[in-house]
Amino acid sequence: MPRTALRICPLCEATCGLTLTIEGTRVTAARGDRDDVFSKGFICPKGASFGALDADPDRLRTPLVRENGSLREASWEEAFDAVARGLRPVVEGHGADALGVVLGNPNVHTMAGALYPTVLLGAVRTRSLFTASTVDQMPKHVSSGLLFGDANAIPVPDLDHTDHLLLIGANPLESNGSLCTAPDFPGKLKALRARGGHLTVVDPRRTRTAKLADRHLAIRPGADALLLAAMTTVLFEEGLVELGDLAPHVDGISALREALADFTPEAVAGACDVDPDTIRTLARELAAAPTAAVYARIGSCTVPHGTLASWLVDVLNTLTGNLDRPGGALFPQAATDRTPRPAGPGRGFALGRWHSRVRRLPEAKGELPLSALAEEIDTATPEGEPLRALIVIGANPVLSAPDGDRLDKALGSLDFMVSVDPYLNETSRHAHVVLPPPPPAQSPHHDFAFNTLAVRNQVRYTRPAVPLEPGRMAETEILARLVLAASGTHGADPAAVDTMVIDQTLGKAVREPHSPVHGRDPRELAALLTGADGPERRLDLMLRLGPYGDGFGARPDGLTLARLLDHPHGIDLGPLRPRLPQPLKTPSGKVELLPAPLAADLPRLREALRERPTGLVLVGRRHLRSSNSWLHNVPALTGGTNRCTLHLHPDDAERLGVRDGEPVRVKGAGGEVTAPAEVTDTVRPGVVSLPHGWGHDRPGTRLGHAGREPGVNVNQLLDGTLLDPLSGNAVLNGIPVRVGPAGAPAALAPEN
C-alpha cells in the first residue's frame, strides 16, 4: 500500500513543505503540504518533480575511482583510501593552500552541506576556498558586513506587511526568490497589490514579475547603483530623510550626503536610461509610503558595481526609516542562530585579509573569486604554490564560472581531485574519486542557511522519507569521512567528527557570560543531547543554544530536537520583529552608512556616469523549472519555455538580419557560442539574454537527457577578468557582445 511522508523541498530557496507519496522505497508523487507552517501547501513545478529527480537513472549509485585513466565503480573503502592517498601528499609536500575547496550552490540545500564544509576547512587550514557565492551574492554579503559588521546579517523585505516594494534585478515569479526565503513569493506579491500596496520592478527585461508590477522600468543593464545613488540624493535634497526609531543606531548621515552629492537624477539619467522625473518619483513614493522595502538580487549583484548597489539598497531602507521596521526590511532570527549576544560594538568586517596568488585578488568572507580558479591551477608565479588538488562538493564550475573551456583544461592537469556529486557532470568527470550522495528522499533536511533569510520566523525538520538503499552512504557520513581523509586521520570513526564539534561548541558556550549554559559542565550537557545520530545531536545542540532554545533546561518551554520532532509540519515562531541594535557588530555598534571601502569605490561609480554603451549587452535569465545546471537531466523540467535560446528585441533582430528560431552567433571576450534566436519584445532594445547553467555537450559525462538538448554555456562568453573589485563577484550582466546570424560572420554587431 502507498504511504505518505513529509519532506522539505531542497530544490530552491523557497523551502516549501512537501507531502510525498511512496510505494515501497520509490517516491511516486509529490504535493504541497497544506499543514506546513511556512509554505501552507504551495508548490512549484520543481517540487512537483521531486520523485523524478529522486529516481533519475543517471544518478550515481556507487563511488567511482580513476584507474589507468578511466573511472570505475569501487567500494566506499576503496574510494576513501584513494582520497587519503591523493590528498595528504599534496598538503604535506606543498602546503595546505595547494589544496583548494570548491563549494557549489547545492550545499546550502542539504544538512550535510551546512554542517561539514566549515569543519573540513578548519581541519585542512587552506585559504584556497572558492564558492558559488562569487558568481551570485557576494556583493550583498560584503555590503552587509561593512554596514552592519556581519556579512550574514542580511535584511529581508517584510513581504506580508509592506505597503510598497521596489524590486531591482529580481524575478521571484520565476526564481522563487533568493536571499529572501518566501514560499509562494508570487502569491505574496499579488496579496501586496490586493491590499492596495504598490510594486515597482526595475529590470532590463519585462519578466513575469515585471508584468505583475504597477510600474516597470527597463533600466540599462549594470546601472542599478547609479539609480539608487540618485534616489538617495533626492531624499537629501527634498528633506525626505526620516530615520524615526533608527536614529540612535545610525552613523554617517552627513558624510553620506556629501559623498553622493554628484549623483543627481540629471547626472545619472543618461547612463541609466531613466528620466530624472521618474527617478524623483521613485524616491518620493518610497519616502511617502506608510511602510516600504527595497529588495535587489542577482541582476544587481552580478554587475561592475554590485557591492555599491547592494549597499545603496539598505541605505535607502535606512534613510526612509524602513530598516528594522515591520513592513520594511528586517533581520530574521533563525532557531539555530547562535545565542544572541548583548548589543554593543563588535570587531566589524574586514576585506582582503589574504589575496589570490596570480592576480592578487582580495578575499571576501574567507573566499577567493571563483573566476580565479582556473588561473590558480594553471599559472605559475613566484608567489606560492599553484593549486595541485581540489575537493569539489556539489559544484559544477565548468558551467557556472567564467571561461569554462580554460577551467576544463586546468582541472585535467591537477594531481588529484575528489568530487562529491550525484552525477558525472562537466566538472566531476575530471575527478580521481567521485563520492555520490544518496537521493534527497533518503536524506534528512533542515534549512540552516535559508531560515536566516526567511520572511517569517519558523523551524522545520524532516527525517529521511525512505531508508538508505543498500550500498548507499549518508551524505553526512561521506563528508565526515572526507574530513578525516583530508586531515590525516583517515580510518577513524566518522562519528568522531560530530563529537569533536559538539565538544568544541559546548566548551565555548560554557565560557561565554551571555550563554544560557555559562559555567556548566560541558560533559553533562553533551549527555543530555538527543538524536538518532551525530548530525541530529548537533541540530539538537544548536536548537537548545539558539534564541528560542531551552538552554538545556534554563527555559523549559524552549526548543529542542524532541519538541521539533513532535511537530512534523514545523513550529511557527512568529513574524519578523525589530532587533536592532543586537545584530550589529560594527566597531561603533551602529549602522555605519559610509564605510571606508565603499567610499573609496565611489570614484569608479562616478566614471560610470559618462558611459553610454553603443552596442549590444548581454544579461542572464532564470526559469521557474530550472536551477542553475542541476535540473536539466529531469525531463519534466525541460522543454516548453525552459529552453536555451537567445532573446533579442525585434528592432535588433531586424537590424542584424536575425530571424526567429534560426541559429545566431554570440561572441564575447571569453569565446563564442551559437544558440537559436528567440525574437521578443520582453527585452529592451540593445539587450540580449541567454539563460545560465546550460552547455551539457562535453564528452565523458553521464547526463543522458541533458545531453540530448545541451544548450550552450553562457559563461563561455566571459574571460573572467571582469569583477566587482570589492567582492570579487563575477560580472555576468551588462557584458558587451557581438551578435549575428550563424552563417554570416561579417554581420556581427560591433562591440561597445
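# Close-up views of a predicted model

View 1. In helix 12 (residues 265–272), the buried residues are Pro-265, Val-268, Ala-269, Ala-271 and Cys-272. Here "buried" means under 20% relative accessible area, "exposed" means over 50%, and "partly exposed" is in between (1.4 Å probe, protein chains only). Helices and strands are DSSP runs (H or I, at least four residues, for helices; E, at least two, for strands), numbered from the N terminus. Those buried residues sit against helix 10 (224–237), helix 13 (276–288) and helix 24 (596–608), where contact means heavy atoms within 4.5 Å.

Residues are numbered from 1 along each chain as its sequence is written, and side-chain values use heavy atoms, with hydrogens and water left out.

**View 2. Helix 10 crossing helix 13.** Two packed helices are described by the angle between their axes and the distance between the axes. For helix 10 and helix 13, the axes come within 9 Å and cross at roughly 65°. Axes are lines fitted to C-alpha atoms, for helices over the stretch in contact, with angles running from 0 to 180 degrees between N-to-C directions. On the helix 10 side you'll find Leu-227, Ala-230, Met-231, Val-234, Leu-235 and Glu-237, meeting Ile-279, Arg-280, Leu-282, Ala-283, Leu-286 and Ala-287 of helix 13. Sorted by class, this contact has 10 nonpolar, no polar and 2 charged residues. Nonpolar covers Ala, Val, Leu, Ile, Met, Phe, Trp, Tyr, Cys and Pro; charged covers Asp, Glu, Lys and Arg; the others, Gly among them, go down as polar.

**View 3. Helix 6 against helix 15.** Helix 6 (residues 138–148) and helix 15 (residues 306–319) have axes that come within 8 Å and cross at roughly 50°. That makes helix 6 oblique to helix 15; under 35 degrees would be roughly parallel, over 145 roughly antiparallel and 65 to 115 roughly perpendicular, with the rest oblique. Helix 6 passes helix 15 with a right-handed crossing. Pro-139, Lys-140, Val-142, Ser-143, Leu-147 and Phe-148 of helix 6 touch Gly-306, Thr-307, Ser-310, Trp-311, Val-313 and Asp-314 of helix 15. The tally for this contact is 6 nonpolar, 4 polar and 2 charged residues. Helix 15 itself is mostly covered, with 14 of its 14 residues buried. Its 14 residues reach 20 Å from first C-alpha to last, close to the 20 Å expected at 1.5 Å a residue (the expected span is 1.5 Å times one less than the number of residues). Just after helix 15, Gly-321 has a positive phi of about 75°.

**View 4. Helix 20 and its cover.** Helix 20 (residues 495–509) has 15 residues and spans 21 Å from its first C-alpha to its last, close to the expected 21 Å. Val-497, Asp-498, Val-501, Ile-502, Leu-506, Gly-507 and Ala-509 are its buried residues. Their cover includes helix 5 (117–124), helix 19 (475–487), helix 21 (522–528) and helix 22 (534–545).

View 5. Most residues other than glycine have a negative phi, and most peptide bonds are trans. Asn-176 has a positive phi of about 65° though not a glycine, and lies in the loop between helix 7 (172–175) and helix 8 (185–194). At 3% relative accessibility, Asn-176 is buried. Arg-360 also has a positive phi, near 60°, but counts as partly exposed at 45%. The peptide bond from Leu-580 to Pro-581 is cis, with omega near 10°; Pro-581 is in the loop between strand 19 (571–575) and strand 20 (591–592).

**View 6. Phe-416 and its contacts.** Phe-416 sits in strand 16 (residues 416–420) and is buried at 8% relative accessibility. Setting aside neighbours within four places in sequence, Phe-416 contacts Ala-82, Val-83, Gly-86, Leu-87, Arg-388, Ala-389, Leu-390, His-432 and Val-433.

Note on methods:
Predicted model: local features only at pLDDT ≥ 70, side-chain atom pairs only at ≥ 80, totals over all residues. Left-handed = near helix turned anticlockwise from the far one by under 90°.
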